[in-house]
Amino acid sequence: MALPLAKSGIATVATFVFIFAWNELLLALFLTTREAKTFPVVISSFSTVTKTYWELISAATIIQILPPVIFTIFMQRHIVSGLTMGAVKN
């Protein structure tokens with residue numbers, strides 16, 4: 001009975017949790033090894049002491065932001081309904 005009312009809030013929280021977990025860098029930087037790296041760690045490795053590979057960073061960043069953007073587009077209807085559900089009309 002309460003689940004239909006909470007559906008929009010759950011969708012909003014799921015979207016934010018996905019975005020924050022997808023972009024986690026520090027925890028992955030300290031806990032991953034050479035064999036298993038997350039995408040933010042790989043992007044940070046494109047900057048070395050002698051050179052920064054901006055073209056690789058730019059291309060990888062575009063690839064990195066695609067899944068959260070697509071997920072947010074699909075969840076947008078639920079997020080907007082959750083934001084406007086508590087609004088009061090006068």
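Helices (H or I, at least four residues) and strands (E, at least two) are DSSP runs, numbered from the N terminus. The protein has four helices and zero strands, in the order α-α-α-α from the N terminus on. The model is predicted: local features need pLDDT of at least 70, side-chain atom pairs count only at pLDDT 80 or more, and totals for chains, interfaces and linings use all residues. Residues are numbered from 1 along each chain as its sequence is written, and side-chain values use heavy atoms, with hydrogens and water left out.

Of the 90 residues, 17% count as buried (under 20% relative accessible area; exposed is over 50%, partly exposed in between; 1.4 Å probe, protein chains only). Among contacts (heavy atoms within 4.5 Å) between residues at least 6 apart in sequence, 53% join residues at least 24 apart.

Two aromatic pairs are counted, where rings of Phe, Tyr and Trp (its six-membered ring) pair if their centres lie within 6.5 Å, and planes under 30 degrees apart count as stacked, over 60 as edge-to-face and the rest as tilted. The rings of Phe 18 and Phe 71 have centres 4.8 Å apart and planes at 45 degrees, so this pair is tilted. Phe 18 lies in helix H1 (residues 3-22) and Phe 71 in helix H4, so the pair ties together parts 53 residues apart in sequence. Phe 18, Trp 22 and Phe 71 form one aromatic cluster.

Accessibility of three residues is listed below.

| Residue | Relative accessible area | Class |
|---|---|---|
| Phe 18 | 27% | partly exposed |
| Phe 71 | 27% | partly exposed |
| Ile 65 | 41% | partly exposed |

Ile 65 lies in helix H4 (residues 54-84).
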